[in-house]
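Subject: The model you asked about

Hi there,

Here is the structure for you to open alongside this email.

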Amino acid sequence: MSHSINVNSEIGRLKKVMLHRPGKELENLMPDYLERLLFDDIPYLEAAQKEHDEFAKLLESLGVEVLYLEKLVAEAIDAEGLKEQFVDEWMAETGLEPGQNYDQVKQYLMDMEDTYEMVLKTMEGFKKSEIKHESNGFDELLSNYPFLVDPMPNLYFTRDPFATMGNGVSLNHMYSDTRNRETLYGKYIFNYHPEYKGTTLYYERDEDTRIEGGDELVLSKNTLAVGISQRTDKYSIEKLARNLFKETEFKEVLAFLIDNNRKFMHLDTVFTMIDYDKFTIHPEIEGELKVFSVTPGENGEIKVTEKEGMLEDILAEALGLEKVTLIRCGGDDIVAGAREQWNDGANTLTVAPGEVIVYNRNTVTNKLLIENGIKIHQIEGSELVRGRGGPRCMSMPFVREDI
């Protein structure tokens, strides 16, 4: 049977990938509210779009079919005539109370004839100034907050709201409210899109513990790596593992305990696989990385054991190799390592074994990749990187060739 999702590794030749072109949601970022929306800075939209378009063009030149999140969602809604259902579900997660503001926002969306434009509007958010805004009570009168509905500026990091593995998807419950709303789009694609409906979900967005795609790496068709991080909870890994062992060929989930902080937000900001036996790694996590092995236990339960030994030995064993090479982000220079990790030097997107897409700004790491026999394609990312994410964060593989 042909599977519309097929991802059995991090490195198999990429055939189909989903992106989101940054939109007006980035223009709804304000300095006072950056933290609430998980940004450290405000990208310049026009330049960010140009960089993103170059990224998409590069992927296409490498033979990858590029899909866009916003287009897939619109197609899913139109295919089953679900506009009102979608708007109602989206409204329910805006935090708006029933009343005049709620009704006006809903009406605004329902009046938009083009579903694609409507989907973009749900991503962009609503300013109070866009409707005849009614303020009720002290809360409203004393609030300078200009939005009725927050924008979703993190959406161009399509890696996180869900993650593809094997022939299915982990539809995630995310760490922050601001991003959890993004997973609604995944729900519509995998439940209603003509090509993707019926995709097996190994995790559901209404679970009560958090997990994000940046922490989920497919090491091989039998082994998944997941980071226990600021964004992913250990209980989520147990739930995901139970479902995977029941329904797929995965036999082990390796859980990497990384520091709970913004700098190491996700496993893929400190660690990515770029060849059969090569990984990029941020040197700061090497020493004290605890790794746990989750394997099937009795009666559908799971077994968790701590792995002893060096990271490279644990990875080599998981992949059935004699040894693996860890390429340090920034080399042995602590300053370069810290700077380039902040600019996602370890967040590479592998397009084929030993062939990756990277930001051109991480000069030290990029030179090391080349010295280690890796073929690199460089993109400009000065604006895109302001959201703290690299090429892997900005891409969600739907199909990779099996290796």
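In helix H3 (residues 83-92), the buried residues are Lys 83, Phe 86, Val 87, Glu 89, Trp 90 and Met 91. Buried here means under 20% relative accessible area, exposed means over 50%, and partly exposed is in between (1.4 Å probe, protein chains only). Helices (H or I, at least four residues) and strands (E, at least two) are DSSP runs, numbered from the N terminus. The cover over the buried residues of H3 includes helix H2 (69-80), helix H4 (100-110), helix H5 (115-124), strand E3 (126-127), strand E4 (147-149) and H8.

Before going on, two notes on the source. This is a predicted model with residues numbered from 1 along each chain as its sequence is written, and side-chain values use heavy atoms, with hydrogens and water left out. Local features need pLDDT of at least 70 and side-chain atom pairs count only at pLDDT 80 or more, while totals for chains, interfaces and linings use all residues.

Helix H4 has its own set of buried residues: Asn 101, Tyr 102, Val 105, Lys 106 and Leu 109. Seen down the axis of H4, these fall within an arc of 130°, so they line one face of the helix. (The arc is that of the directions from the helix axis to the C-beta atoms.) Among the elements covering the buried residues of H4 are H3, H5, E3 and E4.

Next, a sheet. Strands E5, E6 and E7 make an open sheet in that order, with mixed pairing. Its edge strands are E5 (162-165) and E7 (201-203), each of which pairs on one side only. From one strand to the next, the twist averages 30°. Two strands count as paired if DSSP finds at least two bridges between them. E5 and E6 (residues 168-171) run antiparallel and are joined by four bridges; in E6, Ser 170 is the bridge partner of Ala 163.

Two helices lie across E5, E6 and E7. Helix H8 (residues 183-192) runs at about 155° to E6, and helix H9 (residues 234-247) runs at about 150° to E7. For these angles, axes are lines fitted to C-alpha atoms, for helices over the stretch in contact, and angles run from 0 to 180 degrees between N-to-C directions.

Where is Lys 197? Lys 197 lies in the loop between H8 and E7 and is partly exposed, with a relative accessible area of 44%. Its side chain makes a polar contact with the side chain of Glu 80 at 2.9 Å. A polar contact is a pair of N or O atoms within 3.5 Å; within protein, one must be able to donate a hydrogen and the other to accept it, and residues adjacent in sequence count only if both atoms are side-chain atoms. Leaving aside neighbours within four places in sequence, Lys 197 is in contact (heavy atoms within 4.5 Å) with Glu 80, Ile 189, Phe 190, Asn 191 and Tyr 192. Lys 197 and Lys 187 are 10 residues apart in sequence and 9.4 Å apart in space, C-alpha to C-alpha.

Glu 10, in the segment before strand E1 (14-19), counts as buried at 5% relative accessibility. A polar atom of the Glu 10 side chain lies 2.9 Å from the backbone nitrogen of Val 218.

Strand E13 (residues 290-296) is mostly covered, with five of its seven residues buried. E13 pairs antiparallel with strand E10 (residues 252-257) over five bridges, and Phe 256 stands opposite Val 291 in E13. Six bridges join E13 to strand E14 (residues 302-307), again antiparallel; Phe 292 has Glu 306 in E14 as its bridge partner. E13 and E14 form a hairpin with five residues between them, and Asn 299 in the turn has a positive phi of about 45°.

Finally, how many disulfides are there? The count comes to zero, where a disulfide is a pair of cysteine sulfur atoms within 2.5 Å. For Cys 329, the nearest cysteine sulfur is that of Cys 393, 13 Å away, which is too far for a bond. Cys 329 is buried at 0% relative accessibility, and Cys 393 is buried with a relative accessible area of 3%.

Best wishes
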